[in-house]
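Let's walk through this structure together, starting with a helix pair and moving on to charged side chains. Please have the view open as you read.

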Amino acid sequence: MPGYTRMVIAAIGLLLFAFVLDRIRRRRMRIEYSVLWFVMALGALLLALLPDTFDALARALGIDYPPALYFLGAILFLFLILLHVSAELTRMRSQNKTLIQELSLLRARLDAAGIGTPARENDAGEADRTDLA
Amino acid sequence: MSSPRVLVLIPAYNESRKIADVVASIADLGVAEEILVVDDGSSDDTAFQARAAGATVVSLVENLGYGGALQTGYRYAHAHGFDVVAQIDGDGQHDAAHILDLVRALDERDLDVVLGSRFLEGSRSYDVPLARRAGMAVFRAIIRMTTGQDISDPTTGFQALRAPVVALFATGESYPTDYPDADVIILLHRWGFRVGEIPVRMFESETGQSMHSGLKPVFYVFKMLLSIFTVLVGPRRATPAGDGGS
């Protein structure tokens, strides 16, 4: 693998690493979601540093064209990340449904008790937590 | 059970033209201690009409779909200690008078869930399109194979349920958000509840949007088969104390 190719791959790995770290610092990504991305960045760095090892690994696995192994690895990781996102989405939809139901029941009880409920528009004034970081 | 406390539950989505009549016809029966309309995020004045007709109204702050609206009603019934939930669609396609038959059948036939079927002998109903009839036949066969029981109309929204069933539907993860179907029937069987049917009269929905319309049939069948699979590999659960199992 030519030197400049290794440098580009290393740069991608480092950029990904820095990007995810920055997301975490700004509280824009939860730490548990960052793990798979860090592994991906690490993989890119290792590939740039030890290309011969990867080539040997590919041949040991019966892959004649070593870059195919890199793609396979990347695709598998993206797969994992997507599965993880699907699972999280399912969990959040379930929680969201419960919240909508319980909130609506509570609102009806308040209305029935004549307490009334505050106006629905509450978009303003949400604190930006990044300022606290 | 001498005189059970009955909640009549009506899930409704944009039914402002029908809902008042439905509520009024139920109130006339005198069987309901309370009539609850769960307004599934309607954009019309369904909630206002229902309230004016004398129903308790819970308006969902976001549209959840048919099953999500029903489950909201189950939560309400569970929290308020009702013995029986009788559920009926808000579009006027069910003949409200049958609520009495549904509730009576719970006691007379010692059932936990009574379904109002439009296909049983003695029921009078409209024609169902062929494709849908075919899908129904498949699920009917699956129900027969898995439960040994013949249920002619598993998708019916016209039902009466006893409190233990309501409690499980209200709090569990297993109740579907979209359209309860054969999966729920099989789930009830596995949990040891007794399910039966009575014939009811149904009309074709007069208002434009039945909650059963607009589904992509292929996806629906696929989803339902998966859902049934999930139920079949899921845990059997003992019936809560006080109610015999099968």
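Which residues in α7(B) meet which residues in α8(B)? In this predicted model, B:Ala182, B:Asp183, B:Ile186, B:Leu187 and B:Arg190 are the ones in α7(B), and they meet B:Met224, B:Ser227, B:Ile228, B:Val231 and B:Leu232 in α8(B). By class, that contact has 7 nonpolar, 1 polar and 2 charged residues. The axes of the two helices, residues 182–190 and 217–233 of chain B, come within 9 Å and cross at roughly 10 degrees. With angles under 35 degrees counted as roughly parallel, α7(B) and α8(B) are therefore roughly parallel to each other.

B:Asp153 is buried at 0% relative accessibility, and B:Arg118 is buried at 6%.

Now turn to chain A, which has 4 helices and 0 strands. Of its 133 residues, 20% are buried. In helix α4 (residues 67–112) of chain A, A:Glu88 and A:Arg91 are 3 residues apart, and so separated by about one helical turn. They form a salt bridge, with the closest N and O atoms 2.8 Å apart. A:Glu88 is buried, with a relative accessible area of 18%, whereas A:Arg91 is partly exposed at 43%.

Finally, find A:Asp22, A:Arg25 and A:Arg26, which are linked in a network of salt bridges. Within it, the side chains of A:Arg26 and A:Asp22 meet at 3.0 Å, N to O.

How values were computed
Residues numbered from 1 in each chain as written. Chains lettered and ligands numbered in written order. Predicted model: local features only at pLDDT ≥ 70, side-chain atom pairs only at ≥ 80, totals over all residues. Heavy atoms only, no water. Axes fitted to C-alpha atoms, helices over the stretch in contact; angles between N-to-C directions. Parallel < 35°, antiparallel > 145°, perpendicular 65-115°, else oblique. Contact = heavy atoms within 4.5 Å. Nonpolar A, V, L, I, M, F, W, Y, C, P; charged D, E, K, R; others polar. Buried < 20%, exposed > 50% of the residue type's maximum accessible area, 1.4 Å probe, protein only. Salt bridge = Lys/Arg side-chain N within 4 Å of Asp/Glu carboxyl O.
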